[in-house]
Amino acid sequence: MNIILKKVLPLLLAPAILLSFTTKPAPINFSGQWKLNESKSELGEFRFAPSSIKVDQKADAITVSRESNFNGQANTRTETLTFDGKVTESTGGFGNSKRKSTAKWSDDGKTMTVSYTVNFDINGEASELKGTETWTLSDDGKTFTLQTKGAGPQGDFTTKAVYDKQ
């Protein structure tokens with residue numbers, strides 16, 4: 001029995017040792033104050049991109065404050081998204097709309113995807129906007145790109161908003 005144990009034990013330990021060194025890469029950090037660079041952005045006809053975004057990222061959550069100006073009215077929407085897949089609800093933005101969002105990291109930790117649904121009223125009529133945001137950060141950490149794909153009452157849209165770190 002001792003001979004069998006000597007032969008089998010190394011076969012069992014080798015995978016355990018190798019797997020102990022494989023870890024998931026830490027996600028990049030979007031923390032900071034970001035300002036929209038319209039000349040680098042592709043906003044299309046809807047032009048809903050926030051003029052600035054403030055991000056505070058922790059290991060388990062990210063707090064995002066978006067400042068926008070719509071029809072001369074400035075507003076801010078702040079939400080804290082957790083990385084455990086739970087839905088976050090926030091209010092604000094266009095017409096005090098309600099937004100439900102979830103955040104998820106890519107396997108390599110280089111992009112974050114936010115899936116969202118926004119419910120709002122236009123002239124007393126309920127409407128819904130659904131979409132995804134893909135967040136990426138440049139290698140030097142000075143440029144953050146927010147690619148948005150969505151569908152709403154006016155149809156499908158795609159935007160690319162580029163932000164410079166302040």
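The chain has one helix and 10 strands. Helices (H or I, at least four residues) and strands (E, at least two) are DSSP runs, numbered from the N terminus. Along the sequence the pattern reads α-β-β-β-β-β-β-β-β-β-β.

First, the ground rules. This is a predicted model, where local features need pLDDT of at least 70, side-chain atom pairs count only at pLDDT 80 or more, and totals for chains, interfaces and linings use all residues. Residues are numbered from 1 along each chain as its sequence is written, and side-chain values use heavy atoms, with hydrogens and water left out.

Now the sheet. It is open and has 10 strands, in the order β4-β3-β2-β1-β10-β9-β8-β7-β6-β5. The pairing is antiparallel. Two strands pair if DSSP finds at least two bridges between them. At the edges sit β4 (73-82) and β5 (88-92), and each pairs on one side only. Neighbouring strands of this sheet are turned by 25° against each other on average, direction ignored. Such angles run from 0 to 180 degrees between N-to-C directions, and the axes are lines fitted to C-alpha atoms.

Zoom in on one pair. Strand β1 (residues 32-36) meets strand β2 (residues 52-57) in the antiparallel sense, over four bridges. Take Gly 32: its bridge partner in β2 is Val 55. What holds strands of a sheet together? They pair through backbone hydrogen bonds, either parallel or antiparallel.

Last, the whole chain. Of its 166 residues, 32% are buried, meaning under 20% relative accessible area with a 1.4 Å probe, protein chains only.

How values were computed: Buried < 20%, exposed > 50% of the residue type's maximum accessible area, 1.4 Å probe, protein only.
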